[in-house]
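Here is a friendly walk through a few helices and aromatic pairs. Have the viewer open as you read.

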Amino acid sequence: MLEFIGSARLAIVLVSLLILLSAAGALLPQEGPVQPAEIAAWRVSHPAWSFIGGYLGLFKVFHSPLFLAVILLTALNTLTCTILQLFKRKNGGGAIIKTTGFALLHLSLLVLFAGGFASTAFSLDGYIVLTEGQQFSERPNHYVRLSKGPLRTATHRGFTMKLERCSAEYSPDWRLLQIHAQLRPGLKNQGDTGLLTAGINHPAEYSGFSFTLDQTGFSPLIRFSKDNRVIFESYIALKTLQEGHFREYRDTIRTPLPGKTIITLFPDHALAADGVLKKTGEEPGDPVLLVEMADNNGNVNWHRHVKLGESIELGSYRLEFAGLRRWASFRVMEDPGYPIILIGLWLGIAGLVTRYAPDVAEWFTSPGNE
Amino acid sequence: MVTFEMVLFWLTIFIYVGAFALELFGYVGRKGNLQALGINIMWLGFLAHTLLGIMRWINAGHAPVTDAYELNLTGTWFTVLIFLLFIKMGKIQRTIALVVIPITFLVLGYGFVLRTDAIPMGPAFRSPWLIVHVIFAWLAFGCYAIATGAAIMLLKRSSSDGSESLDQTSYRFTVLGFINHAVMLVSGAIWAKKLWGHYWSWDPLETWSLIAFLYYALVLHVRSFWKWNMKRAAWLTVLGLLILAISFWGVKWFSPSPHPGP
C-alpha cells in the first residue's frame, strides 16, 4: 500500500490531473478575476462546457474540492515517495548527492504546499484608496475591498496609516516612470513611528502587513453649495482611466441636479482656438476641471470648465474647485504563507541543482556527441 | 524602429536563413563541410543579432526586455548562444541547427510583427527581479528548444545510428531547461509579490507557465521511472515545446492577463 501511495505511477497520474485542472482554470473564465455577468454570458454561449464545468467546479477550479483533493494526494504521494527513497540503500558519492537532491526537491514541494495552504487559509487581502492627508485605520469597514482566508481568526490590528504625500515621475511624453507615496503609520498610545515610503515594486511593510502601491490619480476638492449654504465639500478621488500611456482623470459625482454630472481633471491645460480643453502635462501646473452635464443616457447637454480656486454656476447651485491633491491606492496584504513559500522555493532550487549536479558534471567531462 | 536597427534586423534574419540553407543542403547531401560552414555563418548571424540587441538597448534606453519585440529578440539571442556554445564544446550534433535556426528566425519575425517602437521602461519593469526572471525564462526556452531539436532529428531517423546520442542530448537539455524554468518561476513569484502584493494569482500566463513546468516534470518522471526514451520520449519533448509556445505567446489570444509577456 505504501509503495503504491509513494509510487511514480501515482505521481504521474496526479501531475497529469494537476495539468488538466490548471488548463481548465486558464481556459475557462474563473470566478473572482472575471465578473459574474461575464461568466454567465460565457456559460450561455457554451452550454456543454457549462454543464461539465459547473458540475466539476471548474469555474472556480483553484478553490474547488477536486483541486484541493488532488493537491492533498500529491502532497501525500510526495511525502511517502521521499521517505521510501531515503530508506533505499545507495552506493557511491554521486548516488548520495542525487538522493540528497531528490529529498530536498520533494521536501520543497511539501513546504510549498504548506505555504500555499497557509496563504489560502490565513491571509488577509484588502484594497484601500487614500487621498493625501487621509488616514486609513486597519478595520474592516475602512477597506474598499476585503477578503480573508476561511481559517483566519486574527483580529484587526487597528493601526493607522496616513498618506502624507504622493508624487509621480513622468517621461517627457507623459509615460509614468514611478510613483512615490509617503506613509505615516501609527499605533494607539504610541508616538511618531516615522515615515514609510512605497513605490511601484517597492511595497511598504508595517506590522506584518504589506502596502503594495497600485495606482495614483487626482482628488479635486469640490465644494457644492446653494445660496451660500454648503451642501457638500469633499476631496473626490477621480478614476484614472488609462489607454496605453495616456491617462484621463474622470468620474461622475452625485449632485441634486438632474441627469449626470461628470467631472474631468486636466492637471495642466491649454485652451485651443475652438474652445476645446487640451491636456498639456501630468503635473499640476494650471489645473482645470471640465464639468459636463449629461442625461441618463450619457448624452452631454452642456459643459463648462472651472480653474483651481474658481467657481461656476450650475442652475441655482455653485460648484467651486477649491483644492487639488493626489490619491494613491494600495493592495494591503497580510500573508503568513509567504515566508514559508520563500523557503520552499529556494529549497526547490537547491534540490534541483543538487539532484542533477552529478549528471551535468558527468556530461561536461565526458567525450562530445558530435 | 530606427533605420540602422531595421537594417541590422533584416541582416540578422538573412544570415540565419543563409545558415539554415547551408545546414539543410549539407544534411540532405551528406556534406559535412557545408554543415560546418552553416555553423560558422550562424556565428556571424549571432554577431549581427548581438549588435541588434545593443542597438535596441541604446535606442530604448534600457535592456531589451519589456515589449514583445524585445523579449523575442533577447530570447532568441539566448537560444542561439546556448546552441553555439555547446556546439563549440562538441557536446551536441550540428544537425539540431535544422530546428533551432527556424525557431530563431520565426520567433524573431513574430516579435517584429508585434511591435517595433522603443519606449521608456515602465515602473512595473524597474526591478532587478525582472532581469533574473527574463534571463532564466529565455535560458529555459533555449534549452527546451535544443531538446526539441534533438528530439525532432531523432524522430526523423530511420536507423538507430546516432539516435542514442540525440536522445541523451534531448534529455540533458530538458533537465537544464527544467532547472532554468524553476528559477524563472521563483524569481517571477518574488517579483509578483513586490509588484502586485501576492506571489501567485493564478492568472492565465502564470498558470500556463506552471502547466509547462509540470509537463516537463512529467516528462522527467516518465523518462526516469518508466524508462521511456528514444522516440516515445522524443514525442513528449516535441509536445512540451508546443505547450511552452502557448505559455509564452499563445495565452494572450484567448485569456487576458495583467502579466506582461512576449
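Are B:Phe141 and B:Trp249 buried or exposed? Both B:Phe141 and B:Trp249 are buried, where buried means under 20% relative accessible area, exposed over 50% and partly exposed in between, with a 1.4 Å probe and protein chains only.

## Ground rules

This is a predicted model, in which local features need pLDDT of at least 70 and side-chain atom pairs count only at pLDDT 80 or more, while totals for chains, interfaces and linings use all residues. Residues are numbered from 1 along each chain as its sequence is written, chains are lettered from A and ligands numbered from 1 in the order in which they are written, and side-chain values use heavy atoms, with hydrogens and water left out.

## Aromatic pairs

Rings of Phe, Tyr and Trp (its six-membered ring) pair if their centres lie within 6.5 Å; planes under 30 degrees apart count as stacked, over 60 as edge-to-face and the rest as tilted. By this rule there are 40 aromatic pairs over all chains. For A:Trp363 and B:Phe173, the ring centres are 5.3 Å apart and the planes stand at 80°, so this pair is edge-to-face. It crosses between chains, with A:Trp363 in helix H7 (residues 338-365) of chain A and B:Phe173 in helix H6 (residues 163-196) of chain B. A:Trp363 and B:Phe173 are both buried.

Back to B:Phe141 and B:Trp249: they too form an edge-to-face pair, 5.4 Å centre to centre with 85° between the planes. Because B:Phe141 lies in helix H5 (residues 128-156) of chain B and B:Trp249 in helix H8 (residues 230-254) of chain B, the pair ties together parts that are 108 residues apart in sequence. In chain A, ring pairs link a cluster whose members include A:Phe136, A:Tyr143 and A:Phe330.

## Helices in chain A

Helices are DSSP runs (H or I, at least four residues), numbered from the N terminus. The axes of H3 (residues 36-45) of chain A and H4 (residues 47-56) of chain A come within 5 Å and cross at roughly 120°; axes are lines fitted to C-alpha atoms over the stretch in contact, with angles from 0 to 180 degrees between N-to-C directions. That makes H3(A) oblique to H4(A), because angles under 35 degrees count as roughly parallel, over 145 as roughly antiparallel, 65 to 115 as roughly perpendicular and the rest as oblique.

Further along, A:Thr80 is found in helix H5 (residues 65-87) of chain A. A:Thr80 is buried, with a relative accessible area of 9%. Leaving aside neighbours within four places in sequence, A:Thr80 is in contact (heavy atoms within 4.5 Å) with A:Leu2, A:Ile5 and A:Gly6.

Conventions. Helices (H or I, at least four residues) and strands (E, at least two) are DSSP runs, numbered from the N terminus.
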